[in-house]
Each structure stands twice: as C-alpha cells, then as structure tokens.
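Here are a few friendly notes to read alongside the structure. Take them one at a time, and keep the 3D view open as you go.

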Amino acid sequence: MGNDGKGVRRLTLRVEEDRAGQKVDTLLRKELGLSGTVIRRIKWLPEGILLDGERVFTSRRVEAGQVLSVLVADPELRSGVTPVPGPLDIVYEDGDMLVLHKAPGVLVHPGAGHLSDTIGNFLMAYYRDQGIQADFHPVHRLDKGTSGLMVVAKHPHAQERLKRQLHTAAFRRVYLAVCLGGPQAEEGVVDAPIGMAEGSIVARVVRPDGLPARTRYRVLRRKGERVLVRLELETGRTHQIRVHMAHLGCPLAGDFLYGTEDRALIGRPALHSSELELLQPITGERLSFKAPLPADMRTLME
C-alpha cells in the first residue's frame, strides 16, 4: 500500500495462490474492505482499478502473483470547502488520516458566517500546499468551544471505516471537563436520552423520547465548587457531555447554553478532548493519543 509522489493514495494487493481465479470485485470487498459505494465511484476512473498496471473491470478474474492496485484518493473535490491558510496543529498524519488538536473557538465545518475560518478551510489549504490529493472528510466533530483531539480521514474509504468504529470499543474518546457543583458521586454512568429542547433549534435536553445517550464519568479532583471530571462517551449525541452534566446539576464552567456564562472565569465551556484511541483504518494498527489539560482549564483548578 502507498502514495505515489503526487500524494495520491492507492491501495495494493498481491494475489496469493489461494485467491487465484477470484473476481477483482471479490478481492476489493473481502481483502481490501472497500464498500460497494467506494467501488462504484472508482471503477469508472481511468486509473481507478489496475491489475499489473492495466485498467480492468471488476468482473475480471485474477491470477496468482498479479498485483491489484486501487485509487482511493478523491479524483475530484466535492465538499465545496474553500482552501484558506490558517493554524493547523497536526498531532499525527499518515496516508489515510490525520489527528488534529483543535483550538477552542474554532469551528470544524464551514457554515453561515464562517466560510473561511474553520478546520475544513485550513485543512484544504494544507492539502493543496503539500500536494496531497484529498477532500475534507471529518470523522467526528467537536463543538466550537471544545478544544483537543479529533480525527479527519483523507479519503472516503478511510472515512467509512473510521465511522464504523465510532460508538464501538475500537474507538475510545475521553474528555476532561471542569464542572460547577458536582457531580456528587465519585464515578458513575449517565444513561439519559437526549432530544431537542422545546422552542430551540440549538439546545438539547434530557427527555424520555430522545435518542439513547450514555456517558461514563469519574471525578479526578475537587476545588471548592469546581470539579475536574474525566468523561468517556459511549454514544455521540450533540452536546452530550454538556447536557448530561447539566442534568446532574453540575453544568460545565463557562457553559452559556446549559449553565452560566462567565467570561471572567473562562471564555468557553470548559471541555477538552484529551484522549483518543482507534484502529488505523487500513492496517488495523491500534493508535493512541493524549492531549494535556489546556491552560485556561488548568487555571480553574489551581
């Protein structure tokens, strides 16, 4: 497997004796793990699927010793995200994915009022400048105010495989939060469904008809009414940690939506994505990353 000199990602497979006679389509699905969607997208490309360097149909049967090569990089950019140079803190990068450290106050996705100052814009500029053929493929998102680790795929195949890991034991996400006034128990699980709050298009609330949501928590340190809490997501609902902590009666410090905004204390909800553990989408290697508590949250506990 590898990239060519132009930053174009291809996957390769040498056909073993026991795979001789199988169709290219079978090898793409069973050996390389490509989905039908990805195969349909690449099979029409001039260099999408090659066998010993020659373009072939997916119905072609292979022989032992032949080399199957598949383009998984984006042949064209469809996201519509404009490349704009900006700060990008890259923790890890390979041919299939990146782990970024997001600063607080930065949006992940472009949207109304933020079409040129998001992670998406900065990443597309980085790809362009580095000669990497890739579009914007976020795997999960962090709220604007949340800092810390997040994963971005470089191509649709990696994005699919990483998203399949989400909400399973393979993909662990641990957060640190500074809460006000609790929780009372030193550790526990909040198992409370989350849905839209009445009359709001942004706020969420615990409600019986909401979507299932589970958050594990453990108190790490107490300082008066401020409590440093370690939280691990079992599901990934919008604002899940913020809603669950507010539901326990201990909203995050600085949370303008579910608690009390106090910019003299901290200028954002005190939430940080501190640990990520996942399987590399192509090789299956287990990768682990940690990001220490940022200065503004550390100050709250000093």
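1. A word before we start: this is a predicted model. Please keep that in mind as you read the points below.

2. Let's begin with the cysteines. A disulfide is a covalent bond between the sulfur atoms of two cysteines. How many disulfides does the count come to? The count comes to 0. Cys-179 is in no disulfide, and the nearest cysteine sulfur, 4.7 Å away, belongs to Cys-250.

3. Next, look at helix α4, which covers residues 156-165. Its buried residues are Pro-156, His-157, Ala-158, Gln-159, Leu-162 and Gln-165. What do they pack against? Their partners are helix α2 (36-42) and the strands β2 (9-14), β7 (97-102), β8 (137-138), β9 (147-153) and β16 (271-279). Just after α4, you will find His-167 with a positive phi of about 65 degrees.

4. Finally, turn to helix α5, residues 240-247. Here 6 of the 8 residues are buried, so the helix is largely enclosed by the rest of the structure. The buried residues are Gln-240, Ile-241, Arg-242, Val-243, His-244 and Met-245. Just after α5 comes Gly-249, whose phi is positive at about 90 degrees.

Methods. Residues numbered from 1 in each chain as written. Predicted model: local features only at pLDDT ≥ 70, side-chain atom pairs only at ≥ 80, totals over all residues. Heavy atoms only, no water. Disulfide = S-S within 2.5 Å. Buried < 20%, exposed > 50% of the residue type's maximum accessible area, 1.4 Å probe, protein only. Helix = DSSP H or I, 4+ residues; strand = E, 2+ residues; numbered from the N terminus. Contact = heavy atoms within 4.5 Å.
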